[in-house]
Amino acid sequence: MLTYAISRAIQFALSLLVASVAVFALMSLLPGNAAQVALGTNATPEAVAALEAQYGLDRPPLIRYFDWMGGMLTGDFGTSYVTGADITPVIVGSVQVTAILVIAAIALSILIAVPLGTFAALEQRNWIGVTISAISQVGIAIPNFLAAIILVIIFSLTLGWFPSQGWMAPIEGFGGFLLRLVLPVVSLALVQAAILTRYVRSAVLDVMREDFIRTARAKGLTRSKALFVHGLRNAAIPVITVAGVQLATLLVGAVIIEQIFVLPGIGSELVRAVANRDLVAVQGIVMVLVLLVLIINLIVDILVPIVDPRIRNAA
Amino acid sequence: MNPNPTGAPTPHETGTTASAKPRSRKGGRRTNASMIIGAALVVLIVGLALVSFVWTPYDPNSIDPVARLQSGSLAHPFGTDTFGRDTLTWVMVGARITLLVGVVAVGIALLIGTPIGIIAAFFAKQSWGMWIDAVIMRANDILLAFPALLLAIIFAAVYSPGTGPAMVAVGIAAIPGFARVARSGTLQVLGSDYVRAARASNRRVPAIALVHVLPNIAGMVIVQASVAFAISVLAEAGLSFLGLGTQAPTPSWGRMLQESQQYLSTHPELALWPGVFIALAVLGFNLLGDGLRDRFDPKMEARGA
């Protein structure tokens, strides 16, 4: 288990290294350069050269890469060529907003999907099970931004229960913070719950066919007792994997929800950086997002054998 | 927002080794229904796009200040937008971009991902080539750390925002899914007796790949294509919603939805129609994929929608 964890950690570090080279290459080497992009196509060559010299862009790419990487490792994402400001505080602040949003959404979707999916599997041949499956199939097709718009129309514009946009830090007022969080979190969670319900349902169906469930049933346990005592832990494995993938997807997918609800998350910062042609900020934010996705994958890879001893022993 | 962006095992793939039992009659019937509904929705969307080339109720760019922000009526069944443009016309013309992005993105992913997966599987079967397979699959995993939306935003930052970069980015992001499906399918085929027989009779690797592997994994690849199509519809809509995809004045469902936001309190139906059609397109390709999966892989037990 320990060797497995170490080998996964090494893989993680290598992936991060390759990804950082890819991001750097894409941003710094391809068409034109950051200074040209920041100043626009009409900039004079002199102005571009001056900005390049100011930020050391005239140095060889390899040096710039190590400078950038070294900065990030010490928690410094660099200075924007567009605003001239340090972008580290912006990234740190906005990541927190997105993290709150995404973790709350995943937690809510698990709370919805696990009971619903289990129920749909147990009542598979029943109209309830079929209905749950059909609803989750339709739910998967609804983009989260459409869910958000529908929720805003109903609960904000019509009923007036929740604000339609805005953000309040928890220290400014916890009630206001929660109130503004409800609609964005629910819009993200509903669609994810629909996806997760299908996985939970099929994981439970798979488990119910296992020999150890049949043994438990032969021993005299009821179907649901057998499932709860022996089955759920086994059904959890594919569900953990999928929830990890969803968490990673939502980190970026939340960008649209952040825009709709005007939340100062990392996605909003990314879109703003793209609009401002602030390549240093784009580069830094992309790297943070990729880092988070890789960390989530690492955690999932280590968590799965902990939950399932069979995989642990095989590894 | 992506149903299955990473090519991680879908419900139908998980644990199939443990439960390869004969399909139940009932399950078979139900999945047939999902294929029919899915195909019907896909035909509807494709039909809208095709018809829009020869006929639309109005000129998509004709502005009519008198008829602005109307609700549904006989003249404008879906109403009109803030410039008095006919929403039904825009929905029809918008279907073109949705399908174009899907076809190009899935085409890129399929044409690059499938050969990569097949090649990786061939190397995986050789003791001297296993490391090549490992490197290919690691690279695949790293690409997975860039979700379609993120890659598309990067492309919009480096190049200018537009339909072209969006299609390419979504396509690249979908490559790992195809590579994984093709690799696991190829590994199965390579373990079969007829491939061993072909090897023994000295057929060369490219011949085996074309004659034995490709026809056998085609079904799985088509299923993946259908799922990837649904993902690309979502990604295009999302990008255009953010203003990083299809640019004005080309009609696109995502941008219609974005433009409707200002009028949510007074004209919510402006958001309704593009939203409904995005959902129908995604539902259609997802259902079609589900139905095809059960058809192409009889070993798998049909579990319904």
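Let me start with one pair of helices. α1(A) and α12(A) are roughly antiparallel to each other, because the angle between them is over 145 degrees. I'll come back to that pair. One caution before we go on: this is a predicted model.

Now the overall picture. Chain A has 13 helices and zero strands. Read along the sequence, the pattern is α-α-α-α-α-α-α-α-α-α-α-α-α. Chain B has nine helices, and again zero strands. From its N terminus on, chain B runs α-α-α-α-α-α-α-α-α.

How much is buried? In chain A, buried residues make up 43% of the 315 residues. In chain B, they make up 51% of the 305 residues. As for extent, the C-alpha atoms of chain A fill a box of roughly 85 × 55 × 35 Å, taken along the principal axes.

Next, contacts along the sequence. Take contacts in chain A between residues at least 6 apart in sequence: 71% of them join residues at least 24 apart. For chain B, counted between residues at least 6 apart, 73% join residues at least 24 apart.

Back to the opening pair. Two packed helices are described by the angle between their axes and the distance between the axes. Helix α1 of chain A covers residues 2-28, and helix α12 of chain A covers residues 279-307. Their angle is about 160°, and their axes are 10 Å apart. The crossing of α1(A) and α12(A) is right-handed.

Who makes the contact? On the α1(A) side, the residues include Y4(A), R8(A), F12(A), L16(A), A19(A) and V23(A). On the α12(A) side, they include V282(A), V286(A), L291(A), L294(A) and D301(A). By type, the residues of this contact divide into 18 nonpolar, three polar and two charged.

Pick out one residue here. L291(A) lies in helix α12 of chain A. Now look at L291(A) together with A19(A). They are 272 residues apart in sequence, and 8.9 Å apart in space, C-alpha to C-alpha.

On to chain B, and another helix pair. Helix α4 of chain B is residues 148-158, and helix α5 of chain B is residues 163-190. Their axes come within 8 Å and cross at roughly 140°. The crossing of α4(B) and α5(B) is right-handed. From α4(B), the contact uses A148(B), L151(B), A152(B), F155(B) and A156(B). From α5(B), the contact residues include P165(B), A166(B), V170(B) and A174(B). The split by type is 13 nonpolar, no polar and no charged.

Keep A152(B) in mind. Which residues does A152(B) touch, not counting residues up to four places away in sequence? They are A166(B), A169(B), V170(B), A235(B), L239(B) and L244(B).

A152(B) also shows up in the core. The largest nonpolar core has 174 residues. The members that touch the most other members are L289(A), A152(B), V170(B) and A174(B). The largest share of this core, 19 residues, comes from helix α8 of chain A, residues 174-208.

Now, where do the chains meet? In total, 53 residues of chain A are in contact with 44 residues of chain B. On the chain A side, the helices that each supply at least two residues are α1, α6, α7, α8, α10, α11 and α12. The largest share, 11 residues, comes from α10(A). That side of chain A divides into 40 nonpolar, nine polar and four charged residues.

One example across the two chains. Take α6(A) and helix α9 of chain B, residues 269-296. Their axes come within 7 Å and cross at roughly 120°. Therefore α6(A) and α9(B) are oblique to each other. The crossing is right-handed. V138(A), I140(A) and A141(A) in α6(A) meet A279(B), V282(B), L283(B) and N286(B) in α9(B). The contact of α6(A) with α9(B) has six nonpolar residues, one polar and no charged.

Find α1(A) and α12(A), and look for the right-handed crossing.

How values were computed:
Residues are numbered from 1 along each chain as its sequence is written. Chains are lettered from A and ligands numbered from 1 in the order in which they are written. This is a predicted model: local features need pLDDT of at least 70, side-chain atom pairs count only at pLDDT 80 or more; totals for chains, interfaces and linings use all residues. A nonpolar core is a set of buried Ala, Val, Leu, Ile, Met, Phe, Trp, Tyr and Cys residues joined through C-beta atoms within 7 Å. A residue is buried if 20 or more other C-beta atoms lie within 10 Å of its own, exposed if 12 or fewer, and partly exposed in between; C-beta atoms are placed from the backbone. Helices (H or I, at least four residues) and strands (E, at least two) are DSSP runs, numbered from the N terminus. Two residues are in contact if their C-beta atoms, placed from the backbone, lie within 7 Å. Axes are lines fitted to C-alpha atoms, for helices over the stretch in contact, and angles run from 0 to 180 degrees between N-to-C directions. Angles under 35 degrees count as roughly parallel, over 145 as roughly antiparallel, 65 to 115 as roughly perpendicular and the rest as oblique. A crossing is left-handed if the near helix is turned anticlockwise from the far one by less than a right angle, and right-handed if clockwise. Ala, Val, Leu, Ile, Met, Phe, Trp, Tyr, Cys and Pro count as nonpolar, Asp, Glu, Lys and Arg as charged, and the others, Gly among them, as polar.
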